[in-house]
Amino acid sequence: MSAQGTPSAASKPTGTPKGAWTITFLLFLFMLVNFADKIVVGLAGVPIMADLKLTPEQFGLLGSSFFFLFSISAIVVGFIVNKVPTRWVLLALAVVWALAQFPMVGTVSFTTLLICRIVLGAGEGPAFSVAAHAIYKWFPDEKRTLPTAILSQGSAFGVIIAVPALNWIIVNHSWHYAFGALGVIGLIWVCAWLALAKEGPLEDTQTLAATETKIAYIQLLTSRTFLGCVAATFGAYWALSLGLTWFTPFIIKGLGFSQSQAGWISTLPWIFGATIVILTGWISQLMMVRGSTTRVARGVLGSVPLVVGGLILASMPHVQGAGLQLALLVVGTGLCGAIYVVCPPMLGEFTPTSQRGAILAIYGALYTLSGIIAPAVMGTVIQHAGSMLDGYMTGFTINAAIMVGSGLLGLLLLWPNTERARLTGGAPQAGALKSAVSPT
């Protein structure tokens, strides 16, 4: 039996089918739109708070509201994609994203904005896990790390490309029109996906469901590698959700930059994070080519940057100068990106293919719970601090402690190369996996 748990996997070609990189590019754009949708509230945070007369606690609630249904929808849709082609599921999600933006074009209340963000979060909750599941139908296991890295890059480029453009709209027109522009872009992607998308040929989920050996979900969900992935990515997503909601308000209200300056500065963490993600994907694949186990090439490689990033972030309140504080924030949080590249392939190593969509979705649903907590915690800390800057620094110190703890848990728990053998009582698969690896 293969590392993916499909009885016929050994007889399948390990080459990359024609069209795989086209689908990867479309899903890269899918994640680009996804994160542009996420970032707009944080980018427009100062004018939104001014127009709607929101307190920091209320704005923190607005940031958290995006994640209220995020996890629930991720789990539900994760089980759906075990049976329904990912092509149609991804299409439906993108339509929801686009439609959820248009109510903000006109005059809105805090309640309307809150409801639309909840609906948008429900549509975006399953996005990454479904997209990863779709890509894995186009690439064999040993070639999945790099496409996963490219998929993850959609989030960085969604911010790098969208932030200056959206900020220009906010400064020269209104934050309302920034939401409308995202709705139009979402519909354009829907048209492109309808025209070009198709299901990957390497895996037929329905056929595999009838033939492959299953592992009980309780075993998969309580496996040490699954728990390690959730714990490690929870800390990384705490930093990401703070960046989506509070980074731009911090550099305007905390560090004294203007809204115009903030549009460019807000791209810095994502540019650095994009570099980390691409490097992680490339280094991981290279390590596997050279014979490293996935424990090292994925588990250790993803966890160590979390610990280092947390320690860097922890030093932020103890230095002087806006430039140095900004640099520490960018580097400390940017290192988190490594974990997003390695966890989905690690889970795919030991999860049967017909169960992978659900497992990836549940993984995503659990680690994104930090998105509910982190923005609200930061808002509460800021509101009750002696000064706004002190509040931000306390919030970032909390973030640092969570990152270090989650990285250490990752180092302790991530053992994907022996996980399937432990779950099934069979022989370890690490040697077979390593021998199958070839450069992309």
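**View 1. Helix α4 and the nonpolar patch.** Helix α4 (residues 70–80) gives the most to a nonpolar surface patch, with 3 residues. This is a predicted model: local features need pLDDT of at least 70, side-chain atom pairs count only at pLDDT 80 or more, and totals for chains, interfaces and linings use all residues. Residues are numbered from 1 along each chain as its sequence is written, and side-chain values use heavy atoms, leaving out hydrogens and water. The patch covers about 750 Å² and includes Leu61, Phe68 and Trp88. Patch residues have over 30% relative accessible area and no salt bridge; nonpolar side chains (Val, Leu, Ile, Met, Phe, Trp, Tyr) are joined within 5 Å. Areas come from the Shrake-Rupley method with a 1.4 Å probe, and for residues only the protein chains shown count as cover. Helices (H or I, at least four residues) are DSSP runs, numbered from the N terminus.

**View 2. Lysine 137 and glutamate 199.** Their side chains meet in a salt bridge (2.8 Å, N to O). The pair ties together parts 62 residues apart in sequence, because lysine 137 lies in the loop between α7 and α8 and glutamate 199 in the loop between α9 and α10. A salt bridge is a side-chain nitrogen of Lys or Arg within 4 Å of a carboxyl oxygen of Asp or Glu. Lysine 137 is buried, at 4% relative accessible area; glutamate 199 is partly exposed, at 26%. Buried means under 20%, exposed over 50%, partly exposed in between (1.4 Å probe, protein chains only).

**View 3. Arginine 298 and glutamate 349.** This salt bridge also spans 2.8 Å, N to O. Arginine 298 is buried at 0% relative accessibility, and glutamate 349 is buried at 4%.

Notes. Patch = residues over 30% accessible without salt bridge, like charges linked within 9 Å, V, L, I, M, F, W, Y side chains within 5 Å. Helix = DSSP H or I, 4+ residues; strand = E, 2+ residues; numbered from the N terminus.
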